[in-house]
Amino acid sequence: MHGLVGRRNRRTRSVTGDGRGQLGSLLASLKRCPANLLAAAAFIGIAIASISMAAHTSTKPTRIANERFKFNVSEAQFAIRQRLLAYRQLLRGGVGLFAATGNRVTREEWRTYVGTLAIDKDYPGIQGVGFAKQIAAQRRHAHVLAVRSEGVPDYQIKPGGDRDEYTSIIYLEPFDWRNRRAFGFDMFTEPVRREAMIMAHDSGAPSISGKVTLVQETNQGVQNGFLMYLPVYQTAVPPATVEERRAGPVGYVYVPFRMRDLMRGTLGTEQLSGVRLEIYDGVSLREDDELYDSAGGAGPRTSAFSVAEPLEIDGRSWTIRFSSLPTFDITIDVQKPRFILSAGLLVCLLLSVAVWSLSIGRARARELADANEQLSRARDAADDTREFLGMVIENVPTPIIVKDAQSFKYVLLNRAAERLLGVPRTRYIDKTAFEVYPKEEAETIFGYDRAIVKSRRQLCFDEHWLDTPGNGRRHVKPSSFPVLNGAGEPQYLLTVIEDVTERNEAQARIHHMALHDLLTDLPNQSAFNGHLASAFEAAKSSGKGLAILCLDLDRFKEINDIFGYRIGDTLLCRAAERFSVAAAGAFLARLGSDDFVIILTDCPTPSGAMALADRLLAASSDEFEIDGHRTYIGLNIGVAFYPADGTDPGMLVANADAALCRAKADGRGMVRFFDPDLDMRLREKRALHQDLNVAVSERQLVLHYQPQAKVGGEIIGFEVLLRWQHPSRGLVPPAVFIPLAEESGAIVTIGTWVLREACREAASWTQPLRIAVNLSPAQFVQGDLPALVHTTLLETGLAADRLELEITEGVLIGDFDRAIAILRRLKALGVHIAMDDFGTGYSSLSYLQSFPFDKIKIDRSFISNVERNGQSAAIVRAVIGLGRALNLPVVAEGVETNEQLDFLSREACDQVQGYLIGRPRPITDYVNTIAGARHSTHGGNYGLCAAEPVVRTAKPR
């Protein structure tokens, strides 16, 4: 900077010297001119000078204002672009979280992730960070029930109606009153949003929507908005082709923006100094496309300065128009040039009159004044340029440092460089690196500077840490190059520094979150997979073994249900801390919920693994005290060794998990080592469980129908029974898969499907026969069963009195009052309720007293023995008499012989069901029955055969 000042002064002296020589020659020639010619020339010359000065005076403020206006425009453009690019990191972090967890992010994990971002502080202008899940039509009802079971009972997909697929907002944090308005909204139903979502999943990159009104808006303070999307695919890496990407998304991470809030956070204020900012969606400047107007639509549209610039980002084109406001235009002095012109012409006239009486010496003075005026104008122009360049360099947001190329002293630091270093720039100006930094660091800086000057080429440095005097350690990426003078020699050394500290910290934070559990900060599933693969390679190459310990907390769900999720989360964190201490340096990860895993390396032995298991059991056995609540948990552990129990990572983990399942089955606080014979059955069971999860969506489940008849022979209805046609295992017995479905909770989804399919089928029959559907106890606990039944009746058109719902006493065990309340709501719909398996439970008589059932069904175990067991016959006779006394029809199940039918007929049983009447078959086998033909139970062939178990939807037989 000092060099620049000195050079300007030398140029000033040079111009002054040359001006004197030329001026003397000019005056000598003027002496020979006649006085009248000289006067005329003086008049014309001074008039021209006055006009020139007026013109210069008028253009100077305009030019300066124009430059200042352009600077404001570029600064605003840069800030908007950088802000939107920064928000892309939020989307990528959310997608990374899904990739790290295998697309199994829970509501609590999403809330924790967004909470760590501190969006109110670091990302102003956005309404939240959300996830919209893509749902196939056949999965809609199961999805709604699943979300409601997560603690949001009012969840529904909006708008309603049937569509091929839905893209509903299921996560949106912070989940405040405004964002709750968007919960459940199907964004794919709105064309502008749909266009951006399609562009995102086709490209695999972030996409910005057009102008929208956010669903969060109320009737007050409505702002224009837009959204930014990034798709989440089935795989962690986006598919390679457009076709695969279109088929692959499971949902979208997205961010909603309100424009005024965004611009206030981006520019620090809604009103730029003297400048009106308007943003339009697209390339036109139509009012309908206006996203933002800093003036709020007020004020004149005419201005002294105006420019419209395009802004392209993430596949979206915006047009940004900047216009000067009257407060800016008034700074341009338009009166001063007029005054100068008038005054100049007046002076010119007076001087031309006076010249007639002045000597030639006076002419010389006038010409000298004229030359000085030209010099003054040149000096003013140089000052203006210097002022403008200094203003630009000072306000560039990137740190800039300039040194003298000979002495290597600092001559300029802009404001951004001052912020980066954390000290006033005066500590650097006119000093070398040796006067500012420690000797070793200064020698390094000096060496680089000298090499750059010598090579006369730009040098780009790798990212490295910089210890600043007052701003701590910053991660920077500098670039330096020499500035050459007119002779081609280096005069200055200019360094531009990119401060990447915040960017790298954000990336490191996202990377850490991708590999660590958000609640306990332990390594997660993704980190476990990577560590296990490395440990396997090391074990194979060294010949040493390794062991896997799978851990599962006992009673954790019970603690969650009693004390709530907050206490449960704290308990998980405390348990993780204890396990970390007990693991003594072994790799410990949390795979989800209450599942942990440990990798033991360096040739572990069974005794060593058992010693670790004992430490873990001891750590979990101590009391946990959380917010005044005292509680205990148990722990079960399964262990598998490489290479004895598995020769690849997947097999080893599966076998350790199988051992864990056996430990849980054996009791609490158990440790079990993998045993191939004992654990094979468990592994088969788990494999079936996994297959069952997709059985509904892949149409592997089918319905069979078994007729119910009056004792006299008339078919009055059917009971629907479930079958599973597995693609590779064939027909899986219901006694096998129904308990699996109840254990896993899949019975709720399966039960919903059975109810809908049975009602849809029955509604198509010509004859108004009754259809009986079994309900599981789990359906009374999860979701809103009466609402499901009501909706199903409306959607299928089945009359309520044709639907019969069968329950067992398992429904009433537990929360009796809740179950009775649900049964009363079901009965209010007009459907019939039957007590199934009567006589096999503990309190059947008290249940008959508590609720007005419509039918009693005698369990088949009693019917099968009526011919040879007097006690069974007496029980059946008593139940039939009880039903007659209570005016309840009685159905006998499992009727397989004519002798059984004759006994029931003599005892005046109302209805019968069993193989003698008809076997469970596809409904197409009973087409004549549902079409109106009458059948008798006597004298006909109804497919009698060896008995096989009749298995209901809700329970195995």
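Rings of Phe, Tyr and Trp (its six-membered ring) are taken to pair if their centres lie within 6.5 Å, with planes under 30 degrees apart counted as stacked, over 60 as edge-to-face and the rest as tilted. By this rule the protein holds 25 aromatic pairs. One of them is formed by Tyr 155 and Phe 183, a tilted pair with 5.1 Å from centre to centre and 55° between the planes. The two residues are 28 apart in the chain and link distant parts of it: Tyr 155 belongs to the loop between H5 and E2, and Phe 183 to the loop between helix H6 (177-180) and helix H7 (191-203). Helices (H or I, at least four residues) and strands (E, at least two) are DSSP runs, numbered from the N terminus.

The model is predicted, so that local features need pLDDT of at least 70 and side-chain atom pairs count only at pLDDT 80 or more, while totals for chains, interfaces and linings use all residues. Residues are numbered from 1 along each chain as its sequence is written, and side-chain values use heavy atoms, with hydrogens and water left out.

The secondary structure of the protein comes to 31 helices and 31 strands. Of its 957 residues, 46% are buried, where buried means under 20% relative accessible area, exposed over 50% and partly exposed in between (1.4 Å probe, protein chains only). Contact means heavy atoms within 4.5 Å. Among contacts between residues at least 6 apart in sequence, 66% join residues at least 24 apart.

Further ring arrangements were found. Ring pairs link Phe 98, Trp 110, Tyr 113, Phe 131 and Tyr 171 into a cluster. A charge is said to sit over a ring if NZ of Lys or CZ of Arg is within 6 Å of the ring centre and within 35 degrees of the ring normal. Arg 578 lies over the face of Phe 624, at 3.6 Å from the ring centre, and Arg 919 over that of Tyr 915, at 4.7 Å.

Backbone geometry was examined next. Most residues other than glycine have a negative phi, and most peptide bonds are trans. A cis peptide bond joins Lys 158 and Pro 159, with omega about -10°; Pro 159 is placed in the loop between helix H5 (140-148) and strand E2 (165-173). Another cis bond joins Tyr 642 and Pro 643, with omega about 10°. Pro 643 lies in the loop between strand E21 (634-642) and helix H20 (649-666). Positive phi values occur at Asp 627, near 50°, and at Asp 837, near 55°. Asp 627 is in the loop between strand E19 (624-626) and strand E20 (629-631) and counts as exposed at 52% relative accessibility. Asp 837, in contrast, is part of strand E28 (residues 832-838) and is buried, with a relative accessible area of 12%.

Strands of a sheet pair through backbone hydrogen bonds, either parallel or antiparallel. Two strands are counted as paired if DSSP finds at least two bridges between them. An open sheet of 4 strands has the order E7-E6-E9-E8, with antiparallel pairing. Strand E7 (290-293) and strand E8 (306-313) stand at the edges with a single partner strand each, so one side of each is left without a neighbour in the sheet. The twist averages 20° from one strand to the next. Within this sheet, strand E6 (residues 275-281) and strand E9 (residues 316-324) pair over 7 bridges in the antiparallel sense, and Tyr 280 has Thr 319 of E9 as its bridge partner.

Parallel pairing involves strand E26 (residues 770-774). It is joined to strand E24 (residues 715-726) by 3 bridges, with Glu 719 opposite Ala 772 of E26. E26 also pairs with strand E27 (residues 803-807) over 4 bridges in the parallel sense, and Leu 805 of E27 is the bridge partner of Val 773. Of the 5 residues of E26, 4 are buried, so the strand is largely enclosed by the rest of the structure.

Axes are lines fitted to C-alpha atoms, for helices over the stretch in contact, and angles run from 0 to 180 degrees between N-to-C directions. The axes of helix H22 (residues 734-744) and helix H23 (residues 746-763) come within 5 Å and cross at roughly 115°. Ala 741, Glu 742 and Ser 744 of H22 make the contact with Ala 746, Ile 747 and Ile 750 of H23.
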